[in-house]
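Welcome! Let us take a walk through a protein model together, one piece at a time. Please keep the structure open beside you as you read.

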Amino acid sequence: MMTYISELVQDFTTYYPIFMSLIWIIGSWLSSFHFNHEKFNEPNTNEKVTILMSIFNEENNIVETLSSFTQLTYANCDVVIVDDKSTDNSVNLVKNWLNKHESTPVRLIELSKNLGKAAALNQAIKQINSPYILVTDADAILAHDVIENLLKQMTDETVAAVTGKPVVRNRTTLLAKLQTLEYVGIIDRIKRAQDFLYGGIMTVAGVVVLYRREALMSVAGFDSTAITEDIDITWRLRKKNWRIRYTPHALVYILAPETIHGYIKQRVRWSVGGIEVLLKNLKWTFKGTNKRQKLLLVDVCLSHIWSWTVVITSIQYLVVTIDTQTFSLPGVVIMIYILLFFSMMLQGIVQDHGQSQVGVQELFVIPFYSTFYWITVLITAIISQLNVAFFHKQRGSWSSPDRGR
């Protein structure tokens, strides 16, 4: 019996990444085919869109982001900035910029005390009457046509939110180049596959998401206790039977972490937020009748189970290696891994259509790319699970991310 379980664990550890890679590749291709043949009604360009951005100590990025809003081609939009009691020069920079650009429809809301990102967003939403709210971050640069591309998905009245595609814009370090490939080759694959296979994605990208205000109000806005408000609200909207979509044509240019510490901190935060959502939604999801919703949650569960089977099989392998004094690697399996990741990268570049401007420098790091991704998934999953089990207290607050330049 123990031998059978051991073999089962080893098989799952070995073949789970292969199976998921195939799902992402096939799902991404089917999604692209479906999207190209899907008929969208033309969005109503008379509909008001409010861009909402919460800030806390963003003096290094805020002016550049504000200036990018002047390049947007959607005419009927305005901007609301909510400052969550910054302690740096952010507010003064915003006010100075507003004085120089009086014709730009930007409004600043200053909170009297620090509430946390989700609560700050909720305070601003109360003062917004637009039917659509585009939430973005203070270090993000929106593509000029981002609103038009997001609105196309909103012609379906069952859609509560549409998220776009992040593109890394700082690529001076190896870590930033690896993340560029990750967004093009993996994250975009996963989002496309989830959107098509599961009828919606697991989480919006908080850096660029267009919400239907009616949908936000139906779930009482963002949860101020959630560590990742974007993951949390995605599932609360799904619980209300709203659809959450992804479009790779709505671009936002982001700053990625350039230090290992900053990168791991970011990914652990995402993973902890994902576990929060998993625990919150297990009961109603599996009691419900939505099969795609169940599959999406099973997907999340399997990824966390895999992290521990890797640890178990690695220990087993180490013990056997020491005991027999022989060292061997499964060459065929490794070749399959390499071929699948090169296939994902090639598919990503083809479907990207030059949007991410992947250059020769990024292509040189492809050999490190697959190892980087799966080791990152393993480390962050283990750390986040231990965090939730022993140290984590649910709370929503601001953190200071590592943002490269």
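**A guided walk through the fold**

Helix H4 (residues 117-125) lies across strand S1 (49-55), strand S2 (77-83), S3 and S4, and runs at about 145 degrees to S1. The model is a predicted one, in which local features need pLDDT of at least 70 and side-chain atom pairs count only at pLDDT 80 or more, while totals for chains, interfaces and linings use all residues. Residues are numbered from 1 along each chain as its sequence is written, and side-chain values use heavy atoms, with hydrogens and water left out.

A few words first. Helices (H or I, at least four residues) and strands (E, at least two) are DSSP runs, numbered from the N terminus. Axes are lines fitted to C-alpha atoms, for helices over the stretch in contact, and angles run from 0 to 180 degrees between N-to-C directions.

Now to the sheet. In what order do the 8 strands of the open sheet stand? The order is S3-S2-S1-S4-S7-S6-S8-S5, and the pairing is mixed. At the edges you will find strand S3 (106-110) and strand S5 (141-142), each of which pairs on one side only. Two strands pair if DSSP finds at least two bridges between them.

Let us look at some of these pairs. Strand S4 (residues 132-136) and strand S7 (residues 208-212) run antiparallel and are joined by 5 bridges; here Val135 stands opposite Val209. Strand S6 (residues 159-168) pairs with S8 in the parallel sense, over 8 bridges, and Val162 has Arg245 in S8 as its bridge partner. S5 and S8 run antiparallel, with 2 bridges between them, and Ile141 has Tyr253 in S8 as its bridge partner.

How many of the 12 residues of S8 are buried? The count is 9, and S8 is mostly covered. Buried means under 20% relative accessible area, exposed means over 50%, and partly exposed is in between (1.4 Å probe, protein chains only).

Next, look inside. In soluble globular proteins, nonpolar side chains tend to be buried together. A nonpolar core is a set of buried Ala, Val, Leu, Ile, Met, Phe, Trp, Tyr and Cys residues joined through side-chain atoms within 4.5 Å. The largest one here has 44 residues, and Val49, Ile81, Leu134, Leu142, Val146 and Ile147 touch the most other members. A second, separate core of 29 residues includes Ile18, Trp24, Leu181 and Ala193. Returning to Ile81, and leaving aside its neighbours within four places in sequence, you can see it in contact (heavy atoms within 4.5 Å) with residues including Met53, Leu66, Val94 and Leu108.

Some helices are well covered too. Helix H5 (residues 146-153) is largely enclosed by the rest of the structure, because 6 of its 8 residues are buried: Val146, Ile147, Asn149, Leu150, Leu151 and Gln153. In H8, 9 of 11 residues are buried, among them Ile231, Ile233, Trp235 and Leu237.

How do helices pack against each other? Helix H2 (residues 62-69) and helix H3 (residues 90-100) pack at an angle of about 30 degrees, with their axes 10 Å apart. H2 and H3 are therefore roughly parallel to each other, as angles under 35 degrees count as roughly parallel, over 145 as roughly antiparallel, 65 to 115 as roughly perpendicular and the rest as oblique. Ile62, Val63, Leu66 and Ser67 of H2 meet Leu93, Val94 and Trp97 of H3 in this contact. For another arrangement, turn to helix H6 (residues 174-197) and helix H11 (residues 331-352), whose axes come within 9 Å and cross at roughly 85 degrees. H6 and H11 are therefore roughly perpendicular to each other. Residues in this contact include Leu181 and Ile186 of H6 and Phe341 and Met344 of H11.

Most residues other than glycine have a negative phi, and most peptide bonds are trans. Ala220, in the loop between helix H7 (213-218) and helix H8 (229-239), has a positive phi near 60 degrees. Ala220 is exposed, with a relative accessible area of 62%. Asn241, in the loop between H8 and strand S8 (243-254), has a positive phi of about 70 degrees although it is not a glycine. Asn241 counts as exposed, at 67% relative accessibility. Leu279, in helix H9 (residues 260-287), is also exposed, with a relative accessible area of 55%.
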